[in-house]
Amino acid sequence: MNEIHLWTVVVAATCSLACAWVGVWLVLQRVSMIGDAISHSVLPGLVVSFLMFGTRAPWPMFLGAAVAGLATTYLTRSIASATGAKEDSSMGVVFTVLFALGVLLITRYARQIDLDPGCVLYGLLEFVALDTRPILGVEVPRALETLAPALALTGVLLVLFRKEVLVMAFDPGLARTLGFRPTAIYYGLMALVAVVTVASFEAVGSILVIAMLIGPAVAANLWTRNWRTMFAIASLVAVGSSVAGYALAVATNTSVAGMMAVAVGVACGLAAIFSPAGGVLQRAVRLRASRATIAAEDLLANAYRDLERSGVTSLLGDRGLVARGWSDGAHLTSEGLITARRLVSGHRLVETFLVKDVGRSPDEVHESAHRAEHLLDAVQRAELLRELDSPVEDPHGSPIPKEPSA
Amino acid sequence: MNELAIQVRRLTVAYEHKPVLFDVDLDVPKGRLMAIVGPNGAGKSTLVKAILGLIPRVSGTVSVFGKAFSGVDTRVGYVPQRESVDWDFPVSALDVVLMGSYHRVGWFRRPGTRERDAAAKALDEVGMGEFANRQISQLSGGQQQRVFLARALLQQADLYLMDEPLAGVDAATEVAILELLRRMRNEGKTVVAVHHDLQTVADYFDDVALVNLRVFGVGPVAEVMTPERLRQTYGGRLGALETIAKSATGAAS
């Protein structure tokens, strides 16, 4: 494989992974859009740290970003609680003002910083592999000098504090009474989001940062109901879309970052459709199955009523025989007969209940009973029977079939 | 008199300048099962949260087991209202129960085999053993409430504050939960629960606190649930309240 291709994919994957890991926690806490806010509001933090330290080395930059991330979170929360405004409105004001402040700082004090709109939006992933520096004799892209520490920091912190972050995200009240500091943990997480965002910025720009923060986590959340598995799936989506996005971009000669964002979107789409945990497809299959069951049950219950009218059911039912000679020549097996009795019994019990205990008129209870008969289980039918003192007939005078005692 | 588990003095709590609790005193003796009752919006949950330090107090003091309480004490367990958390969160019942051991596990460490066994046992105790690996959104409301209680058991606290542990659960769960609360009390633990159903206070609890902005009475159910006090707490609607008060004082005597 061509070395340039390889390094570009490595840079993209490093960045996507770091974003995906913090992103899972953003999505789980339903604060996805704070990623968007922080990716903009880090700008003044970066400028100030550049002015103070005079360098674009990773750690001073991380520091500036973390401070800006904390400021965004703090201002968003305190403006919301002080004014009674919703947090999203407060966030909208805070991050745009901070971003504007960053732009003003640049134009006033740091004209020499190159701020190319294209670079801010889409990043320069196409060129990262060209800007290299030898490390242990290997030419390594400079972008990794920022991204690798950011990824390592994210991984280490999220593993070390996994239970603290989990309890903060799920139940801050409990976290607090257990002696953890949920607010401090939340702020720490937001500072980490800021660091990851800034580290990813140069390579992939602000749009892909948001796509990568949120997309893999959303796909994972659609796919599984287990938070540990979510991290595995989000990582897979992150790396997968880096490879696929790059390959597609090279093939079509378009923006790598753009293609990666598209790949993440496709992954979310696929998860929404094919997820085994409530995907569109699975729900459609289940709906069909339950429709088929209901139709079959209706047919059975009606067959039973036909038999009842011809006066042969008690004989057949009590002996557990196969019911033959039903009007049009069809047969009810003994198993079918048991199911049918169960349904009709449920139906008539519900009718009795609605008339006796709820006080509805016998004329208006059929529809409700017709729906309920498919939902009742054996325990509920037994409870109804007990509650109603084992009635023999329903309000329309039809006998309530006894259920075979298992 | 028994030593106090909780002592609240002159507690005032306000949301946006409107007091929700005003100048409240409350003594909870050790080893009792106490209900906090009062009409909707009376400040019952607020009282629990203020005791726990989850919301700021405007004034007043709270002491727990004789010491000033800032909200953190491993001897105090909290069971929040079921609606207070996101049940779509991708964790299993066992994961949630395990959270009750987090304060004992220590920084940077994960719950180990010992904690997992204890969590499984706590789930068994609330009759949820077979649901350990079930994702919490797939549990019924009553089952979710039991998971919360199993988590409280794992905390091994001496004092529990519970916000509506019996709200929205089916009859069987209500009985099971109540049995559990009584067992905790018999083991010497103190349980304070916000409760919404006046009818069952006398049957279920030893003590009651009548709360509506202020505390209108605290103590054994039979002494506190008088028509006069209930009228003060609930306002109007005297007829129904008298019946309840009669059955409460009658049941205890």
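## Exercises on a predicted two-chain contact

Let's start with the parts list: chain A carries 17 helices and 2 strands. Keep in mind that this is a predicted model.

**Exercise 1.** Work out how the radius of gyration of chain A sits against that of a compact globule of 406 residues.

*Solution.* Step one, get the reference: a compact globule of 406 residues would come out near 22 Å. Step two, look up chain A, which has 32 Å. Step three, check the extents: the C-alpha trace of chain A spans about 95 × 55 × 35 Å along its principal axes. Step four, look inside: 47% of the residues in chain A are buried, taking buried as under 20% relative accessible area.

**Exercise 2.** Describe the contact between chain B and chain A, by residues and by area.

*Solution.* Count first: chain B puts in 31 residues and chain A 26. Next, the area: about 2600 Å² is buried between the two chains, with carbon and sulfur atoms giving 65% of that.

**Exercise 3.** Find the salt bridges and polar contacts across the interface, then sort the chain B side by class.

*Solution.* The rule turns up 4 salt bridges between the chains. One salt bridge joins the side chains of D171(A) and R151(B), at 2.8 Å from N to O. For polar contacts, the tally is 8 residue pairs. Finally, the side of chain B that touches chain A splits into 17 nonpolar, 7 polar and 7 charged residues.

Technical notes: Residues are numbered from 1 along each chain as its sequence is written. Chains are lettered from A and ligands numbered from 1 in the order in which they are written. This is a predicted model: local features need pLDDT of at least 70, side-chain atom pairs count only at pLDDT 80 or more; totals for chains, interfaces and linings use all residues. Side-chain values use heavy atoms; hydrogens and water are left out. Contact means heavy atoms within 4.5 Å. Buried area is the accessible area (1.4 Å probe) that two parts lose on being put together, summed over both. A polar contact is a pair of N or O atoms within 3.5 Å; within protein, one must be able to donate a hydrogen and the other to accept it, and residues adjacent in sequence count only if both atoms are side-chain atoms. Ala, Val, Leu, Ile, Met, Phe, Trp, Tyr, Cys and Pro count as nonpolar, Asp, Glu, Lys and Arg as charged, and the others, Gly among them, as polar. Helices (H or I, at least four residues) and strands (E, at least two) are DSSP runs, numbered from the N terminus. The radius of gyration is taken over C-alpha atoms; the globule rule is 2.2 Å times the number of residues to the power 0.38. Buried means under 20% relative accessible area, exposed over 50%, partly exposed in between (1.4 Å probe, protein chains only).
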